[in-house]
Amino acid sequence: MLEGIYLALDKVFGPLVTNAHPMWVVTISGIILGAFFTLVNHMLIDQEKMKKLQKMSREFQKEWKEAQKAKDEKKLRKLQQKQLELLKLQNEVMKDSMFKPMLFTMPIFFIFFGWMRRWYVETAIVKSPFNFFLFDWFHRFYHSSLQANELGYIGWYILTSMIVGQVLRKLLDSY
């Protein structure tokens, strides 16, 4: 089944992959998929509920600090009860914000990386003029034989998509 999907991706994107520099292919992929995943999250997560939860958490922290500073034991006990309610709400929101988007994004993510591995396994996508600890961390993460100043497709994709996702979340005022 996956082989058929990979062959279809080869037909559609094969000319780009064979004619463009790997850095550009992975960068464009990171931009497109990073934007897509961010938009899926934005649409599937209840933004108002997240904002409400953030506001409640900030208010709780402020009250907690004030009660601790004043050494008000009665208020602290009340706040512990409020904290339990807040934790229940946080768990509910986290479940919704993680599970729904992952149903859509994980299959695409795994198909994409399986397909990219066929083209770029152990290929240095970018090279740094110095040994960079973050590159080396990526190499240990997936047992790569690349040098400490080289970054493969997984590392470059993650960096690219993270940057795009952060910028897009800021623009959308999203969580």
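**Close-up views of a predicted helical model**

View 1. Residues 23–45 are 96% helix and 0% strand, with end C-alpha atoms 32 Å apart. Helices here are DSSP runs of H or I with at least four residues, strands are E runs of at least two, and both are numbered from the N terminus. The model is predicted: local features need pLDDT of at least 70 and side-chain atom pairs count only at pLDDT 80 or more, while totals for chains, interfaces and linings use all residues. Residues are numbered from 1 along each chain as its sequence is written, and side-chain values use heavy atoms, with hydrogens and water left out. An unreviewed UniProt entry lists residues 23–45, 98–116 and 154–172 under "transmembrane region"; UniProt positions follow the numbering used here, feature names are shortened, and annotations may be inferred rather than shown by experiment. Residues 98–116 are 100% helix and 0% strand, and their end C-alpha atoms lie 25 Å apart.

**View 2. The largest nonpolar core.** A nonpolar core is a set of buried Ala, Val, Leu, Ile, Met, Phe, Trp, Tyr and Cys residues joined through side-chain atoms within 4.5 Å. Buried means under 20% relative accessible area, exposed over 50%, and partly exposed in between (1.4 Å probe, protein chains only). The largest core has 18 residues, of which Val26, Met116, Tyr120, Tyr153 and Tyr157 touch the most other members. Helices H1 (2–19), H2 (22–44), H4 (73–120) and H6 (153–172) each supply at least two of its residues. H4 gives the largest share, five residues. A second, separate core holds ten residues, including Met50, Phe60, Leu86 and Val93.

View 3. Contact means heavy atoms within 4.5 Å. Beyond its neighbours within four places in sequence, tyrosine 157 is in contact with Val26, Ser29, Gly30, Leu33, Gly34, Phe37, Phe109, Phe112 and Phe113. Rings of Phe, Tyr and Trp (its six-membered ring) pair if their centres lie within 6.5 Å; planes under 30 degrees apart count as stacked, over 60 as edge-to-face and the rest as tilted. The structure holds eight aromatic pairs. In one of them, the ring centres of phenylalanine 112 and tyrosine 157 are 5.4 Å apart and the planes stand at 45°, so this pair is tilted. It joins distant parts of the chain, with phenylalanine 112 in helix H4 and tyrosine 157 in helix H6, 45 residues apart. Both residues, phenylalanine 112 and tyrosine 157, are buried. Ring pairs connect Phe109, Phe110, Phe112, Phe113 and Tyr157 into a cluster.

**View 4. Two threonines of helix H2.** Threonine 27 lies in helix H2 and is buried, with a relative accessible area of 12%. A polar atom of its side chain lies 2.6 Å from the backbone oxygen of methionine 23. Not counting residues up to four places away in sequence, threonine 27 touches Trp156 and Thr160. Threonine 38 is also found in helix H2 and is buried at a relative accessible area of 4%. Leaving aside neighbours within four places in sequence, threonine 38 is in contact with Gly165, Leu168 and Arg169.

**View 5. Aspartate 72 and the annotated coiled coil.** The unreviewed UniProt entry lists residues 50–92 as "coiled-coil region". This span is 95% helix and 0% strand, and its end C-alpha atoms are 11 Å apart. Aspartate 72 lies in the loop between helix H3 (47–70) and H4. The residue aspartate 72 is partly exposed, with a relative accessible area of 34%. Aspartate 72 and phenylalanine 130 are 58 residues apart in sequence and 54 Å apart in space, C-alpha to C-alpha.

Conventions:
Polar contact = N/O pair within 3.5 Å; in protein donor to acceptor, adjacent residues only side chain to side chain.
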